[in-house]
Amino acid sequence: MMSGARILLECLLRENVDCIFGYPGGVTLPLYDAMYDHAIRHVLVRHEQNACFAAEGYARSTGKVGVCCATSGPGATNLVTGLVDAMMDSIPVVALTGQVSTKLIGSDAFQEADTFGITRSCTKHNFLVKTIADLPQAIHEAFYIASSGRPGPVLVDIPKDVFQAQAHYSPVSSIHLPGYKVIVEGHAGQIRRAAQMMWDAERPLVYAGGGIVAADASAELRELVETLDTPAVTTLMGLGILPSAHPNFISMPGMHGSYAANMAMTQCDLLIALGTRFDDRVTGRLSAFAPKAKVIHVDIDPAEIGKNRAADLPIVGDVKKVLAKLNRNLKELAAEAGSKNESSRQSWGRQVREWKQEHPLTPEISQEEIKPQHLMREIDRLSGGRAIVASDVGQHQMWAAQFIRFDEPRLWLNSGGLGSMGFGLPAAIGAQFARPDKLVFAIVGDGGFQMSIPELATIVNHSLPVKIIIMNNGYLGMVRQWQELFYNNRLSAVELSSFPDVTKLAGAYGFKGRTVERPSELSSALEEAVREPGPYLLNVRVTPFENVYPMVPAGAAIHEMVLGPPQPVTA
Amino acid sequence: MLQIISLLVENKPGSLMRITGLLSARAYNIESLTVARTLDPELSRMSIVVDVEPHLRSQVIKQMNKLINVLQATDLTDSPAVCRDMALMRIKAPLANRTAILKEAEIFGARVVDQSTEGFALEATGDPEKLDEFIDVMRGYGDIDVIRSGSVAVSLETKKLRLSPPVPRGGGNPAREEEPVESK
């Protein structure tokens with residue numbers, strides 16, 4: 001006989017879980033008691049929201065399912081932001097929550113909340129396990145659902161008496177979810193037609209996103225781009241799926257995307273959308289988005305096809321498998337027909353290169369004060385395309401996306417869909433646990449950092465060598481930018497005064513911290529942070545009123561982007 | 001515009017919440033909803049009539065089909081289907097009107113399910129518009145109380161039900177690696 005808590009841990013082992021990010025409480029006492037002498041490592045965070053973000057960091061940096069754990073009531077409600085975050089970015093997370101005993105459910109018991117109801121819309125699926133007999137099945141179903149198809153968060157709510165109950169444990173050998181329809185293989189005829197369309201196009205453009213990361217399809221993507229010799233943009237969620245130095249890679253499109261990427265989107269005659277969902281931050285005004293293009297849309301989620309932009313040729317399937325077949329078809333076409341549309345393809349490639357040269361993304365650098373772009377360029381230099389960068393949300397996130405290069409997927413971790421401030425630091429913690437050999441930067445603003453300060457204790461507890469770089473402009477910069485540009489510069493509730501002294505702050509936790517203000521100190525300070533064997537807190541005072549450009553104003557088409565601040569008129 | 005959706009769902013706690021939650025999250029108003037078990041007691045059949053802009057109808061069906069507990073969601077709005085609604089009605093009728101009421105009821109195919117000195121209880125089924133008419137006619141005879149079931153709909157075409165087979169999982173029985181499901 002085994003307790004429910006013990007059975008849960010056995011199931012987690014069978015799902016290859018090595019690490020849980022969590023926070024204990026009343027109803028999870030039996031679970032934590034079972035963990036006391038169990039092989040699975042538990043990482044105590046300082047707030048449940050950060051348990052979920054850390055699980056996401058673990059999942060985003062590895063592709064494995066991240067696991068977080070919280071008690072009933074406030075513990076479970078604190079997970080909600082992280083669950084929605086994982087939902088929006090399709091990140092495999094399993095959340096385990098305690099619930100009051102089955103007999104007390106519905107009685108407004110102490111620390112009771114309707115977790116099952118509350119998380120219905122924040123999860124891909126959720127379970128309320130009412131008997132110990134259902135527990136193993138529910139756990140394995142949760143991991144299967146979280147990690148298959150379009151990945152996402154799954155929550156399992158477990159009452160205290162289910163943890164305490166005793167039962168004979170016989171391992172589950174299979175699960176049956178008759179209504180869970182995952183279409184893996186793309187339709188062969190559609191794939192053939194897609195290859196032909198690509199072959200026939202004069203100005204094709206690959207537009208690839210986070211689905212390539214989830215499907216582990218970077219190699220196939222690269223082969224497609226090279227076979228077709230087509231320019232490619234990758235979304236914020238897809239940075240790293242093509243090496244930054246790849247000659248066909250343009251950069252990120254959208255609201256803060258590059259001129260070349262947005263112009264290529266606008267002028268292409270065939271848009272090859274791969275594992276991406278035509279997010280409003282990418283498309284700008286939808287009616288003016290890629291107006292000349294036919295669209296091929298490959299996605300594992302049928303509900304994404306035609307949701308925002310009608311697809312001329314939809315393919316539902318795992319983008320890795322679809323790309324492998326597309327590449328075979330394209331090679332056959334090449335063998336049969338030789339080259340096609342060579343002159344128009346060449347002039348299209350030339351045009352894209354011209355756009356890149358016309359308005360490249362170049363970092364502002366000043367001798368007097370540190371520009372945020374300068375900071376990102378320095379981090380990029382130290383990373384060399386190989387470090388993990390977990391970003392928070394705001395201006396620094398956009399500058400990091402613009403100026404830090406990533407040569408592989410799963411290095412760039414950010415809250416793309418939900419835009420949750422407070423994501424960066426706990427995500428870096430999860431990533432450093434998952435990949436202890438990696439240099440991990442947490443790039444945060446002075447706003448988001450102050451949402452995450454409690455987790456400095458977690459970092460110290462586990463001696464995680466995370467390099468926390470605060471891009472400190474003294475403002476909630478992205479909101480301030482919008483107030484400046486669209487609300488007559490009436491800066492309302494965006495100034496962050498009273499920022500702590502980071503040397504003292506880090507010192508209080510027992511590690512090193514430093515503030516830099518002069519451009520001349522920047523590179524040596526960053527080098528010092530990287531050299532430090534433990535964690536490091538570097539507060540970089542940057543110029544306060546820098547805005548992120550290019551910028552597509554809300555409601556504008558992406559080719560109507562504003563390239564920079566209005567220039568002073570010189571007489 | 002009203003969309004008629006037929007759903008085959010697992011008869012499990014939370015199934016209904018997932019489906020209605022999907023609609024309420026998009027601010028769609030449900031006009032009517034019926035649920036009952038099918039011949040297979042593990043499954044339920046739902047008919048939902050909901051106000052959805054026409055261009056979003058297929059998105060609603062796709063989102064419903066994504067729910068793990070939904071085996072099949074079908075849009076019956078424009079496809080061959082029979083849609084019926086039932087009304088139970090209590091009508092106070094003075095003696096003088098009774099013959100006329102019974103005559104009207106007979107014309108509409110309604111049945112008397114109870115009668116007393118006060119009046120009748122009537123049961124009527126029909127397509128929703130026909131029932132509207134019947135209720136209008138009856139209101140002419142005095143005070144009525146009406147309760148309607150909401151629409152139940154059955155497709156006149158058989159649509160192939162695609163179900164996913166069991167998947168090896170949990171390591172209890174070292175079978176082959178899991179490889180999900182089916183191609184379209």
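**Terms and their grounds**

Tutor: Among contacts in chain A between residues at least 6 apart in sequence, 75% join residues at least 24 apart. Bear in mind that this is a predicted model.

Student: What makes chain A as compact as a globular protein of its length?

Tutor: Start with its make-up: chain A has 22 helices and 21 strands. For its 571 residues the globule rule gives 25 Å, and the radius of gyration is close to that, at 25 Å, so chain A is as compact as a globular protein of that length. Its C-alpha atoms fill a box of roughly 75 × 60 × 40 Å along the principal axes.

Student: Why is chain B called more spread out than a compact globule?

Tutor: Chain B comes to 4 helices and 10 strands, in the order β-α-β-β-α-β-β-α-β-β-α-β-β-β along the sequence. The globule rule gives 16 Å for 184 residues, but the radius of gyration of chain B is 22 Å, well over that value, so the chain is more spread out than a compact globule. The box filled by its C-alpha atoms is roughly 80 × 35 × 30 Å, taken along the principal axes.

Student: What are the corresponding values for burial, contacts and surface in chain B?

Tutor: Of its 184 residues, 42% count as buried. Residues 24 or more positions apart account for 69% of the contacts with a separation of 6 or more. Chain B exposes about 10500 Å², 53% of it from carbon and sulfur atoms.

Student: How do you know that helix H16 of chain A is largely enclosed by the rest of the structure?

Tutor: All 9 of the 9 residues of H16(A), residues 395-403, are buried, so the helix is largely enclosed. Among them are A:His396, A:Met398, A:Trp399 and A:Phe403. The buried residues pack against helices H15 (372-383) and H20 (477-486) and strands E16 (388-391), E17 (412-413), E18 (440-445) and E19 (467-472) of chain A.

Student: Why does A:Val282 count as buried?

Tutor: The cut-off is under 20% relative accessible area. A:Val282 has 9% relative accessibility, so it counts as buried. A:Val282 lies in helix H12 (residues 280-283) of chain A. Leaving aside residues up to four places away in sequence, A:Val282 touches A:Tyr207, A:Thr235, A:Pro253, A:Gly254, A:Met265, A:Phe289 and A:Ile558.

Student: What describes the packing of H11(A) and H14(A)?

Tutor: Two packed helices are described by the angle between their axes and the distance between the axes. For H11 (residues 259-267) and H14 (residues 342-358) of chain A, the angle is about 145 degrees and the axes are 8 Å apart. The crossing of H11(A) past H14(A) is right-handed.

Student: Which residues make that contact, and how do they divide?

Tutor: H11(A) contributes A:Tyr259, A:Ala260, A:Met263, A:Ala264 and A:Gln267. H14(A) contributes A:Trp348, A:Val352, A:Trp355, A:Lys356 and A:Glu358. The residues of this contact divide into 7 nonpolar, 1 polar and 2 charged.

Terms used:
Residues are numbered from 1 along each chain as its sequence is written. Chains are lettered from A and ligands numbered from 1 in the order in which they are written. This is a predicted model: local features need pLDDT of at least 70, side-chain atom pairs count only at pLDDT 80 or more; totals for chains, interfaces and linings use all residues. Side-chain values use heavy atoms; hydrogens and water are left out. Buried means under 20% relative accessible area, exposed over 50%, partly exposed in between (1.4 Å probe, protein chains only). Helices (H or I, at least four residues) and strands (E, at least two) are DSSP runs, numbered from the N terminus. Contact means heavy atoms within 4.5 Å. Axes are lines fitted to C-alpha atoms, for helices over the stretch in contact, and angles run from 0 to 180 degrees between N-to-C directions. A crossing is left-handed if the near helix is turned anticlockwise from the far one by less than a right angle, and right-handed if clockwise. Ala, Val, Leu, Ile, Met, Phe, Trp, Tyr, Cys and Pro count as nonpolar, Asp, Glu, Lys and Arg as charged, and the others, Gly among them, as polar. The radius of gyration is taken over C-alpha atoms; the globule rule is 2.2 Å times the number of residues to the power 0.38. Accessible areas come from the Shrake-Rupley method with a 1.4 Å probe; for residues, only the protein chains shown count as cover.
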